[in-house]
Amino acid sequence: MTDMQWKKRLLVLTSVMAIAACVTSCSGFEKLSRVGVESVIGVWKGKNGETVNLQGDHRFTASGFDWGSLSSWDGCPQGEGAGIWAFWGSDPDSPQTSAALDKYIEGDTVNLSFEGVEQGTCLINLNAIDEGSSLCLSDDIEIPCSLDIKLVRQNSAAS
């Protein structure tokens, strides 16, 4: 084998290994977990101090995030945020559509709807992963952890 052939094989092998590493570590490949309301109620924290408190009355507070910098959506708030949360779901009468509604008592995706933010200008979801022990932040409905922030539960159910 010539030196040039050896370099080409090495380049191909390196590329394949890089792709494999990305597939196993890049966000977007997490398996979602279906969870109930009681499983998500409580305080969730990220490794850099980010905090989301999901309350039993479907209210939430969030701190430690710069939503405007994190998200690709223009209308996300700066700094702390508050609002209402709900699971995404589909109505049995129209399964081709989905919405985030209080009536859904389980799901794999929690939507955060911020107070004072015009609807359709900010999408932030918390996706249940690791059998529901973690919530991964996303601003893209097709990529579960598009924002590369994983939150873990800090306490049991709170109201």
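Visitor: Why is Ser134 called buried?
Guide: This is a predicted model, and the call rests on a computed area. Ser134 has a relative accessibility of 4%. Buried means under 20%. The value 4% falls under that cut-off, so Ser134 counts as buried.

Visitor: Where is Ser134 found, and what does it touch?
Guide: Ser134 is in strand β10. Leaving aside residues up to four places away in sequence, Ser134 touches Trp44, Asn127, Ala128, Ile129, Lys150, Leu151 and Val152. Each counts as a contact because heavy atoms lie within 4.5 Å.

Visitor: How do you know whether Phe60 is buried or exposed?
Guide: By the same cut-off for buried, under 20%. Phe60 has a relative accessible area of 1%, so it is buried. Phe60 sits in strand β4.

Visitor: Which residues does Phe60 touch?
Guide: Not counting residues up to four places away in sequence, Phe60 touches Asn53, Leu54, Gly81, Ala82, Gly83, Ile84, Trp85, Leu112, Ser113 and Phe114. Take Gly83, one of these. Phe60 and Gly83 are 23 residues apart along the chain, yet their C-alpha atoms are separated by 5.5 Å.

Visitor: How many aromatic pairs does the structure hold?
Guide: There are 2 aromatic pairs. In one of them, the rings of Phe60 and Phe114 have their centres 5.3 Å apart and their planes at 80 degrees.

Visitor: What makes Phe60 and Phe114 a pair, and why is the pair called edge-to-face?
Guide: Two tests apply. Ring centres must lie within 6.5 Å, and 5.3 Å passes, so the rings pair.

Visitor: Why is the pair said to tie parts of the chain together?
Guide: Phe60 lies in strand β4 and Phe114 in strand β8, so the pair links parts 54 residues apart in sequence. Both Phe60 and Phe114 are buried.

Visitor: What makes Trp85 and Phe87 an edge-to-face pair?
Guide: Trp85 and Phe87 are 5.8 Å centre to centre, with 85 degrees between the planes. The centres lie within 6.5 Å and the angle is over 60 degrees, so this pair is edge-to-face.

Visitor: How do you know whether Trp85 and Phe87 are buried or exposed?
Guide: Trp85 has a relative accessible area of 1%, so it is buried. Phe87 is at 0% relative accessibility, so Phe87 counts as buried too.

Visitor: What stands out in the backbone at His58?
Guide: His58 has a positive phi of about 70 degrees, and it is not a glycine. Most residues other than glycine have a negative phi. His58 is in the loop between β3 (51-54) and β4 (59-63).

Visitor: Why is His58 called buried?
Guide: His58 has a relative accessibility of 11%. That is under 20%, so His58 counts as buried.

Visitor: Why is Asp130 called partly exposed?
Guide: Asp130 has 39% relative accessibility. Buried is under 20% and exposed is over 50%. The value 39% lies in between, so Asp130 counts as partly exposed. Asp130 also has a positive phi, near 55 degrees. Its place is the loop between β9 (124-129) and β10 (134-138).

Visitor: What is known of the largest pocket?
Guide: The largest pocket holds about 390 Å³ of space. It is lined by 17 residues, and the closest to its centre are Asn111, Ser113, Gln119, Gly120 and Cys122. Strands β5 (81-91) and β8 (109-114) each supply at least two lining residues. By class, the lining has 11 nonpolar, 4 polar and 2 charged residues.

Visitor: How many helices and strands does the protein chain have?
Guide: The protein chain has 3 helices and 11 strands. Of its 159 residues, 35% count as buried.

Notes: Residues are numbered from 1 along each chain as its sequence is written. This is a predicted model: local features need pLDDT of at least 70, side-chain atom pairs count only at pLDDT 80 or more; totals for chains, interfaces and linings use all residues. Side-chain values use heavy atoms; hydrogens and water are left out. Helices (H or I, at least four residues) and strands (E, at least two) are DSSP runs, numbered from the N terminus. Buried means under 20% relative accessible area, exposed over 50%, partly exposed in between (1.4 Å probe, protein chains only). On a 1 Å grid over the protein atoms alone, a cavity is a set of points where a 1.4 Å probe fits but cannot get out, and a pocket is an open set with protein on both sides within 12 Å along at least five of seven lines; lining residues have an atom within 4 Å of a point. Grid points are joined across faces, edges and corners, and a volume is the space filled by probe spheres set on the points. Ala, Val, Leu, Ile, Met, Phe, Trp, Tyr, Cys and Pro count as nonpolar, Asp, Glu, Lys and Arg as charged, and the others, Gly among them, as polar. Rings of Phe, Tyr and Trp (its six-membered ring) pair if their centres lie within 6.5 Å; planes under 30 degrees apart count as stacked, over 60 as edge-to-face and the rest as tilted.
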